[in-house]
Amino acid sequence: MDTILELRGVTKRFGSLVANREIDLTVKKGTIHAVVGENGAGKSTLMNIISGVHRLDDGEIFLEGKPVNFRSPTEASKAGIGMVHQEFMLFPELTILDNIMMGYERTGKLGLLDRRQVRAEVEELLRTYNFNIPLDELAREQPVAMLQQIEIVKILYRGANILIFDEPTSVLTPAGVEGLFRAMRFLVSKGKTILFITHKLKEVLQVADEITVLKEGAVVGHTTPAETSEEQMASMMVGRNVMLKANKLKKDRGRPILQVTDLQARNDNGIVKLKHVNLTVHAGEIVGIAGVAGSGQVELVQCLYGLRAPESGAILLDGDDITRASCREHRCKGIGLVPQDRMADGCNRAAPIWENCIMGYHIAHGFRSKWLIDRGEAETFAQRVVDEFSVKASSLNEPISSLSGGNVQKAIVGREFLQENKLLIMEDPTRGIDIGAIEFIWKKIEELAASGVAVLLVSQELNEVMEVSDRIEVIYDGQLYDGGLHGELTEAQIGLLMTGGVEDAAEK
Amino acid sequence: MRLKNKSELLLETLKYVLAFTAVAVIGAALISFQGAAPGEAYAAILQGICGSASAIGNTIRWITPCIFTGIAATVAFRSGVMNLGIEGQLYVGAFAATLVGLYAELPGWLLPLACLLAGSLSGLLFALIPAVIKLVFRIDEMITTLMLNYVALWVTEYFTKIVKGASANNNSKAMATPVIQESAELTTLVPRTNASTGIFIALLLVAVVFVIYRFTKVGYEMKQVGENLRFARVGGVRTTRMFISIFLLSGFIAGLCGAVEILGVYGKFTPSFANNIGWDGIMISMIAKNSPVGVALASMLWGALKAGALQMERVTSTNRLTVELIQAMFVLFVTIDYRRLWGKWKDRQPRKRTAGKGKEGGIC
């Protein structure tokens, strides 16, 4: 097979940090080439260099044998390299067709927009690559899997021959992932080349032709699915053997801490998102809530944390009615929250680490003085967070934005774990962070529960819910279904519950 | 301003020096365009700032309101409250202080204190209006405060007429309230100037706000609310209460400024007397990057330039608006994100550098 893209000695520095160190990479035409590594291993930087977002400091890139040096994503795009970003870059209020042509419009006479021409071209693409997309609907009305397809068609329309997928499966359901992989294989069969960035090793084995493993900015291995296994890749990535299994501790289930009865709530658009939800979490118990995104998890957590007023129903914390309490009261009564969106809700990226570490603590626990923030005390607590949760930080005065995603998450988790809460609510606590950090956070969750805290784990990562939870609830369309105790149901059975196959699962 | 290390401090200083030099050069061009010698004009400015005891007094007089409005803006902007109504709150405060100064009968220092309180509380109440509108009707405070500035301006003018009663003449230029009781006035610091003890109130305010931000829980929360509202709410900060408090505090300070202007400088309320001092505060807080100490420093520069400009106009043929133009340009130069500019410029460099390397390699 011909080599379509070759990198030789590519190095990229950000200040004193070397994000990519002399990377050699050879991508063959018509293959799916996976680039795996922990977050912070330099995958995204590398892809940003290939797609023209960053300029390289050293090294060379050859596209079909010719040296290239892109100054902007536009140049890369003209050369046939396109990227499907993790966060979709679509205009919600525009039609799908308009989204696809954005920036690459065709014009007819007098410089007027020629939508007919665009439509013809896009429809041709859809036929060739087997996509089924309603071009005239608004982007905001589409489910996530569809948005991803739109992104793919968008870069195909721009003439991409090499498609870069940045963590494409993190937003998809199991069925959605299957669909994506089918589409990827089909694209490759039509002669396109795919670079696939991920840290989900199972998927790599499933779909990739070639695998390159990155660690700390450098290539540490090159292999194929036939020659390797999940465990082998994982140990290559972190440099040691990692078992992506939670080590369950023995716990005593105590009194009920959180009791939710008959909870009903609507979202901001007035749509009922929670229907007669009943839920109990006991002291020392980890209850996991599995579900496809948008099934009502967000609203449930908001109700439980005082961010949304429920329509009816009651929420009791240790016997106390907190149905209509504010966030502040929740905090003071001993509820912690690890929010899903760590950058938007979990931290203040402009503030130093220590300021981020004492949020909530300064209210619920407080300092010696009622009005003043005791810097010594604050820093002692922040230092505890950093030490006990091994946050890699050079100084407490550094802004938290200088940390990698995994370290930010460890700091947030640490802050919430160390506040002596009765109940801890976690939303996707390990989203988008590396295996080492996931393993670490899982271990901490276990320890926390073993110490008698009630834990509610809401996660879109089914594997996480199944590994960590003592008891599983499945949310589908605003209702909770019993997912059994730890290990009672198989992944397939829970997957079925997640997608509304209640009867089928019950029969089994 | 949290400065992490020496190089950062150097960079910041460099930025201000650069901006200052740039506007000095542009200013020189503007002055020569008007037919005066720039050197002479600048000398006159300097003379006006610190050339004599009365010059210094005048400089202090102008620094005082700059600090007040600068702090009023800083308190609001740092927490993400877009209070553009400082000018209006200042008018309301000034008018209320005048009324108390005219009619209240209180012994000794109680009278000026009552005036200051009346001024600041009126400013606070006037700021309550946009705050409530925002919370009840969800109308952006940027619009409401902007509009309420006009309300304050015209309503105080209207009430000035009422205070003057039947004898009011219709020439609004000459219109003003009677002069307040002498016992209400603030002590003059430099004889025959308008420098008053108001400067001490201003500096005390800077110190108090500095301490609040640096050491208190409230200050910590005020900062977090401004930098990430959602984070603060999840963390348990009462964000609605915080929003109102900050709005009221900002209005309180603006009203206080109005009262000090009346008690320390004018002695009576004249409609439209403030001449955009409220807006100066917004610019000052931008230069100071919302730091209280920075506000004090920037106000010194700002107030000095204001005092100097008046002197320049007296001795040269240059219009004093030139200085205002220069001040505005200074704000522009300071608010440029030089770091990003530098980054962009550097981004273009590697290409040249690698190209250069290639050549060297060729020679070897």
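In helix 5 of chain A, A:Lys154 and A:Glu151 lie three residues apart, about one turn of the helix; helices (H or I, at least four residues) and strands (E, at least two) are taken as DSSP runs and numbered from the N terminus. The two side chains form a salt bridge in which the closest N and O atoms are 3.5 Å apart, a salt bridge being defined as a side-chain nitrogen of Lys or Arg within 4 Å of a carboxyl oxygen of Asp or Glu. A:Lys154 counts as buried at 8% relative accessibility, and A:Glu151 counts as buried at 3%. Here buried means under 20% relative accessible area, exposed means over 50%, and partly exposed lies in between (1.4 Å probe, protein chains only).

The model is predicted, and local features therefore need pLDDT of at least 70, side-chain atom pairs count only at pLDDT 80 or more, and totals for chains, interfaces and linings use all residues. Residues are numbered from 1 along each chain as its sequence is written, chains are lettered from A and ligands numbered from 1 in the order in which they are written, and side-chain values use heavy atoms, with hydrogens and water left out.

An open sheet of six strands in chain A has the order 6-7-8-3-9-10, with mixed pairing; two strands are considered paired if DSSP finds at least two bridges between them. Strand 6 (81-84) and strand 10 (218-223) of chain A each have a single partner strand and stand at the edges, so one side of each is left without a neighbour in the sheet. On average, neighbouring strands of this sheet are turned by 20° against each other, direction ignored. Axes are lines fitted to C-alpha atoms, for helices over the stretch in contact, and angles run from 0 to 180 degrees between N-to-C directions.

Strand 6 of chain A runs parallel to strand 7 (residues 162-166) of chain A, and four bridges join the two. Within this pairing, A:Val84 has A:Phe165 in strand 7 of chain A as its bridge partner. Helix 5 (residues 144-157) of chain A packs on the sheet and touches strand 6 and strand 7 of chain A, its direction making about 170° with that of strand 6; contact means heavy atoms within 4.5 Å. Helix 6 (residues 174-189) of chain A lies across strand 3 (32-36), strand 7 and strand 8 (193-198) of chain A, and runs at about 150° to strand 8.

A further open sheet in chain A comprises four strands in the order 2-1-4-5, with antiparallel pairing. Its edge strands are strand 2 (17-28) and strand 5 (66-68) of chain A, each of which pairs on one side only. Neighbouring strands of this sheet are turned against each other by 25° on average, direction ignored. Strand 1 (residues 3-14) and strand 2 of chain A run antiparallel and are joined by eight bridges, and A:Leu5 has A:Val27 in strand 2 of chain A as its bridge partner. Helix 1 (residues 43-50) of chain A packs on the sheet, where it touches strand 1, strand 2 and strand 4 (58-63) of chain A, and its direction makes about 120° with that of strand 1.

Over all chains, a search of the whole structure finds 33 salt bridges. One of them joins A:Glu121 to A:Arg106, with the closest N and O atoms 2.8 Å apart. This pair links distant parts of the chain, 15 residues apart: A:Glu121 lies in helix 4 (residues 115-129) of chain A, and A:Arg106 in the loop between helix 3 (96-101) and helix 4 of chain A. A:Glu121 is partly exposed, with a relative accessible area of 23%, and A:Arg106 likewise counts as partly exposed, at 28%. A:Arg253, A:Glu285, A:Arg471 and A:Glu473 are linked in a network of salt bridges.

Between the chains, A:Asp345 and B:Arg230 meet in a salt bridge (2.8 Å, N to O). The pair crosses from helix 11 (residues 342-346) of chain A, which holds A:Asp345, to helix 9 (residues 229-235) of chain B, which holds B:Arg230. A:Asp345 counts as buried at 14% relative accessibility, whereas B:Arg230 is partly exposed at 41%.
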